[in-house]
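Please read this briefing alongside the sequence and the structure shown below. The notes are grouped by topic and are meant for someone meeting this structure for the first time.

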Amino acid sequence: MSAKLGLLAVMALNILTMSCKAISADNNTSIVNPLQNNTINIYCDEDNNLYQLLLSSEYEVKRYENIDKALDGTLNGQRLLIFAKNYPDQKTVLPASFYKKAKEKKLKVYVEFPDRLSTEATGEIKSTEKERLVVTSDFFGEHLKPLMILDAGLYKYVNVPARASHLNGAKVAGFKTAVYGLENTPNSPILFEDGDVLVSTTKLSDFNKSRYSPHNAWRNAIGGILSHLDIDIKEKAIQWEPIVRPTFDASTAISLDDYRTAVDRGAEWYDKARFLIHPEWKDQWRSIDTLKLPVGPPMDLSLPSGDGLLGVMEGHYSYINPDGSQQYRYWLRADCVAETAMTLATANGIKQNSKYLETATNLMDFVFNSETFKTISSIDPKQSSYGLIGWADTNKHRYYGDDNARVILGSVLAAQTMMNPKWDKQILELILANFRTSGYKGFRKGALNGKDIDQTTWQVLMERDLENIAPHYESWIWATYLWLYDKTGYTPLLDKAKRAISITMENYPANWLWTNGLQQERARMILPLAWLVRAEDTKQHRDWLHLICDDLLEHQVDSGAFREELGIGDNGRYGAPKSNESYGHAEAPVIHINGDPVADMLYTTNFAFFALNEAAQATQEQRYLTAIDKLADFLVRIQSTSTGRADLDGCWFRAFDFEDWEYYGSNADHGWGAWGTLTGWTQSFITTTLALKLENTSYWEKTKKSTVGTEIEEVWQQMLPGIAH
């Protein structure tokens, strides 16, 4: 009996084997050999991100350099993935019979950036500027619902006629959801099914190289594509380490050595990223700096770095190229130059580097002893513009009070740290130039135009009855008056600052004019309040400081980050976009609605860090000392790290999603968006304050013995004759 069963088993096995062989040779059959289901065939470059991810799976992965060979080598019922190899410059050229053969062999196919569909050629390669990808079906399941957003940077795509799609490209407003939908918004198909073939009109497979975000959304998108192709990989296995990422995770304990390293990396970044202008490439810089939008290609990092004699560029533009790089803002601004000098000088105190001091000295000379930011009027003692510093080399006549305040703050600390009084008189003149061109109540407006103010006298400007309750633009220049009052005892400086602060606090918060959000206005207001307590420690002054600090700290989360908050009503100059069409056309916040879990390192957190340290050191109140500790740890953790992009290693981007722990935000701002960097405002004040914190000191104490102000009587009589002090 057993012998008969054995013979039957052998006969059955032979029949099954013969059947399988016949099926393998018959392209028209729908029956598939189960042994073939573990194979994935891919046409791609070896470093393709999705290919590398699949190599770590349990599947057998075969890579091909030729599409014809890949198609021929893929057995019936197997999977064939055609990834774009010459993106974004050339389409993926498919064989004429590609779709027919794939259908005959019952393949599960995915193609990217193709030159043709099954029935027609694709259209031209189109570039994007502000478009993002929007989920438009339930293809991805619960993890990626319709209208959720995926950012793919400045992606390119092949144009195809409108059709039902799973992803569409469109310019849409919103944080992680297209809040206004796609109705009446131009959009293009990105991911769709052409018969049995899943087609992407752009390249989705190099998600890491191209720095796509948000990270988890893209994990789910890749997972959805693989699931459609019957590639069963567990969700936790669809993971990669971003090539540009935070240095530490949210729970890592931060040591003093981590602080020192963060300061040094923050200072090194200027050289590594080639922001310091060098004579060898000065002409290239200049040709872009003078454009209406001074944005150009990423710097060639093989070029030499400058030494400060020609200044420092502004930072990175916010949009990410397909290769993961970012364009540079080639603009030359006075505040960035002075702030960089401050940063390098203070960094030297943490880790001695003679090059830092040399560059800082050169940058200070560049601001004060070159004509770069000066006009004929601003060096003429008879003119109202005398002593002011121009906003940028291309806008020498424009004088922002907050930009001049940062020039002052950067210059004072740089000079004091280097024990160099060389620029004392010019710094003093700059403070008084702002003082005498502000109105009686202490307000100046957002910016003054030199060509206008030189048509009148500084006396008329000082008598203006003007209110501009906008701390972003006004408040830090008041802080410089308080600082100089402490050095000189000249009471008009104290009186004007107190008058402006009092009016501003009486109108808080209902009448505050906010720029990108209310949080940034609070962050700006803390500095003059902290220094007012230093200059005149009264109950009212402490109460004002407590009010603003405590309201700011209500938005500090466990990680130490400050959650952004939009302001009240219509008082905002740059609120969230009110339509898809308005997205990307003006300055804008990095959140869309209050509650979005984003910290802003350009307008809020950077300045709050600096100012809150001043408040904590001035009052020694434990809640402020604790808050600054948490914030400092947060900033050390999120400093960028990258092994592939030196220009993006050691910096802070504008927007950080502290819930998903990644650089991400609404990129609605027309240039200083979520992935923008700034050599001044952001990099400088974060790095500098970390250095101050390492010394357990404040700017006020660090500059207590500054010699700026020793020539006050002479300069006062020259610039403010007849004004009693």
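**Briefing on a predicted model**

Cys-336 has a relative accessibility of 0% and therefore counts as buried.

**Cysteines**

- The structure contains zero disulfides, and in the case of Cys-336 the closest cysteine sulfur, in Cys-651, is 14 Å from its own sulfur, which is too far for a bond.
- Cys-651 is likewise in no disulfide, its nearest cysteine sulfur being that of Cys-336, and with 0% relative accessibility Cys-651 counts as buried.

**The open sheet**

- Nine strands make up an open sheet with mixed pairing, and their order is S2-S1-S3-S4-S11-S10-S9-S6-S7.
- The edges are held by strand S2 (60-64) and strand S7 (149-150), each of which has a single partner strand, so that one side of each is left without a neighbour in the sheet.
- Within this sheet, strand S1 (residues 39-43) pairs with strand S3 (residues 79-82) in the parallel sense over four bridges, and Tyr-43 stands opposite Ile-82 in S3.

**Helix H10**

- Helix H10 (residues 401-417) has 17 residues, which at 1.5 Å a residue should span 24 Å, and the distance of 24 Å between its end C-alpha atoms agrees with this.
- Most of H10 is covered, since 16 of its 17 residues are buried, and just after the helix Met-419 takes a positive phi of about 55°.

**Ser-377**

- Ser-377 lies in the loop that runs between helix H9 (354-368) and strand S16 (398-400), where its relative accessible area of 18% makes it buried.
- Apart from neighbours within four places in sequence, Ser-377 is in contact with Gln-383, Ser-385, Tyr-386 and Asp-454.

**Tyr-663**

- Tyr-663 is found in the loop between strand S20 (655-657) and helix H20 (681-694), and at 7% relative accessibility Tyr-663 counts as buried.
- Not counting residues up to four places away in sequence, Tyr-663 touches several residues, among them Val-244, Arg-245, Pro-246, Phe-653 and Trp-675.
- The side chain of Tyr-663 has a polar atom 2.4 Å from the backbone oxygen of Ile-638, and a polar atom of this side chain also lies 3.2 Å from the backbone nitrogen of Ser-640.
- Tyr-663 and Leu-75 are 588 residues apart in sequence, and their C-alpha atoms are 42 Å apart in space.

How values were computed:
Residues are numbered from 1 along each chain as its sequence is written. This is a predicted model: local features need pLDDT of at least 70, side-chain atom pairs count only at pLDDT 80 or more; totals for chains, interfaces and linings use all residues. Side-chain values use heavy atoms; hydrogens and water are left out. Helices (H or I, at least four residues) and strands (E, at least two) are DSSP runs, numbered from the N terminus. The expected span of a helix is 1.5 Å times one less than its number of residues. Buried means under 20% relative accessible area, exposed over 50%, partly exposed in between (1.4 Å probe, protein chains only). Two strands pair if DSSP finds at least two bridges between them. Contact means heavy atoms within 4.5 Å. A disulfide is a pair of cysteine sulfur atoms within 2.5 Å. A polar contact is a pair of N or O atoms within 3.5 Å; within protein, one must be able to donate a hydrogen and the other to accept it, and residues adjacent in sequence count only if both atoms are side-chain atoms.
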